[in-house]
Structures are given as structure tokens and as C-alpha cells.
Amino acid sequence: MGAENETAVTEFILEGFSGLDQRLQLFLSLLLLLIYLTTVMGNATIIFLVCVDHRLQTPMYFFISNLAFLEIWFTSSTSIKLLVILSSGRRTISLSSCFAQSCFYFALGCIEFVLLAVMSFDRYIAICQPLRYAAIMKPQLCIHLVAAAWVIGITVLSYRLVLLYKLTFCGSNKIHHFFCDNSPLFTLSCSDSSLLMCPDSGLFSIVILGSFCFTLAFYMGILFCILHLPAAAGRKKTFATCSSHLTTLAIAYGSCIALYVHSSRDVSLETNRIVALLNTVLYPVLNPFIYSLRNKTVILALNEAIAHATAQLFPSSWCISGQQFPSAAIIC
């Protein structure tokens, strides 16, 4: 094939959801916008509260705030372009933008899986070895664990860039997906992508399955500890918290194992699109509510922050138990 054909593709067309009715696409864009704003605001709220409230400056919330920061960028890497596609119909994406989206999606995903394993380790120590928790989970260790997660992510980012720029694209430029995922990119490539897909699949298998095994082992340890708790009320409360965590973990690990642990060609593009929505839309919006916003300490900190902000914005009155009082009559 001639070189002029190999360099012909300078942009891609994202064909995901192109068969939907225009009114349905507009409705989905509004729904996606609501979910995206909820995700960003929920995670940003967690980061803000952890920064300003000393009660939340613990190892657990340090990891959760890092996860929240990560989720904002992870969902933004795909949701913003999907919003543009559904609302305006502008489906084109340049080659470099497509590569950047793919790299950030997988790099941030790898960081998230490492953080999930780290968070499960933190919960294991807190529940199963509470007396040694402060001695083990020192600030230096927490920083090193988070730094290691980001180093892994940067390594994956660099690896993906090298891999993608080895691919050549000629002929069709239509990606039957709503973002630049592995399977459609390898399908469109006119170069021999089989040699690149094997190490690519192997790398993500190591990260995903390694994180999954560690997380599963720690939660099994937590389960055994819960069963040996003396108080039934304590067992019920801890089990309820862990079960909600496991629900979100099942979505994250289940969808990624189905898509990326084996060869991407083994998964149909239709299945790829549907399962990818779980990762990019549903999972990020659940995290703030599962990990933080159901916690009494977080709710108390949020209420105090709202009360403080209200007092700063409306200094002429204070709201106590739902009633308004002049500020001159109330001294706090």
C-alpha cells in the first residue's frame, strides 16, 4: 500500500449512538450533562471538605480525595466529547486528540485500580488491626502509595503513546464507538496490530487482575473480621458499608475484565459501547455517594461548610433550626 494512503487519515469520526433519533440524542445529552455535573460537583465537594476539615484529614479520606480528583479527570476524558456528539452532532476528532483521549483513559483507569487496592488495604488495617492502624498508616506511607499509583499511570500513558504512534491508519476513519477505545482503533489500523495487542492486553491484565486479587483478598479478610465482631450492631453496620463498596467494585472490575483482560477483538463493538458506559458514566457518579457522602462525619462537615458559607453570604441573618434571627440578637 502506498505511503500516501497510509497517511491519509488525519481525523476520525465517532459513530457511537449515531443510529438514535435526534430527539433521543438530545434527551441523552441532557441526562449525561446532569450526571457529569453531579459527578464533578460530588467529587469536588469531597476534595474541598478533606482540605478544609481537620476531622477528614485521615489516611482513608486522603485516598478518597485522590480517587475523587482522579474521577473528575477520568469521566471528563470521555464524557465531554460524548456530550458534544449527542448535543451538536459534531463527531470528528483529530488523530492526536484521539490518541490523547485513549492514553488518558487507560492511564487514569490504571491509577484508579491501584488506588482501589490501596484503599482496600487501608480498610483492612482499620477494621482488622485497629490498634496498629496509626502505626502502620503513617503519612509517609500514604504519600508513597499514592505516588506509586501515579507513577504506574504515567508509565502506562507513555507506553500507550509509543504504541499508538506505531499504528498506521488508512481507508475508513469511522470509529463505531463514542470514544477512542482499544478495539475500534486496532480494527481500523492497516498495520499489523496483533504484535501490539498482545503486550497491550498483557499489561492491562496485570494491572487489572493484580489489583483485583489484592482487593478481593483484603475484603475477604475484612469479611472474616466482621464475622468475629462481638456486637451484632457493629457487624451489621460494617457489613452494610462493605457491601456498598463491593457493589461499585463489581461494576469497575467486572466491566474492565470483560473488555480488556483478553483480546479486544473477542468483544463485539456493541458490547464494548454498553459496558464502557458503566465505567465512564455510571461508576464515577456512584463513587462520591458510596465512599463519602453517606458518612456521618462527611455530612456533618458538609453541613458546617454550608452554614459557614450561608453566614458569609447573608450576614444579616442566621438560620437556626429552620428559623431566621437577626444577627444582632444572636452571638455565636
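I take a helix axis to be a line fitted to C-alpha atoms over the stretch in contact, with angles running from 0 to 180 degrees between N-to-C directions. I keep in mind throughout that this is a predicted model.

Entry on α3 and α4. I looked up how helix α3 (residues 59-88) sits against helix α4 (residues 95-128), and found that they pack at an angle of about 160°, their axes being 10 Å apart. Since angles over 145 degrees count as roughly antiparallel, I therefore note α3 and α4 as roughly antiparallel to each other. Their crossing is left-handed, and the contact of α3 with α4 comprises, by class, 15 nonpolar, five polar and five charged residues.

Entry on α4 and α6. I then followed α4 to helix α6 (residues 139-164), where the packing angle is about 155° and the axes lie 8 Å apart. That makes α4 roughly antiparallel to α6, and here I recorded a right-handed crossing.

Entry on the surface. I looked up a nonpolar patch and found it formed by Leu216, Met220, Leu223, Phe224 and Leu227, which together have about 480 Å² of accessible area. I placed one of these residues, Phe224, in helix α8, which spans residues 194-227.

Key: Residues numbered from 1 in each chain as written. Predicted model: local features only at pLDDT ≥ 70, side-chain atom pairs only at ≥ 80, totals over all residues. Heavy atoms only, no water. Patch = residues over 30% accessible without salt bridge, like charges linked within 9 Å, V, L, I, M, F, W, Y side chains within 5 Å. Areas by Shrake-Rupley, 256 points an atom, 1.4 Å probe, with all protein chains shown as cover. Salt bridge = Lys/Arg side-chain N within 4 Å of Asp/Glu carboxyl O. Helix = DSSP H or I, 4+ residues; strand = E, 2+ residues; numbered from the N terminus. Parallel < 35°, antiparallel > 145°, perpendicular 65-115°, else oblique. Left-handed = near helix turned anticlockwise from the far one by under 90°. Nonpolar A, V, L, I, M, F, W, Y, C, P; charged D, E, K, R; others polar.
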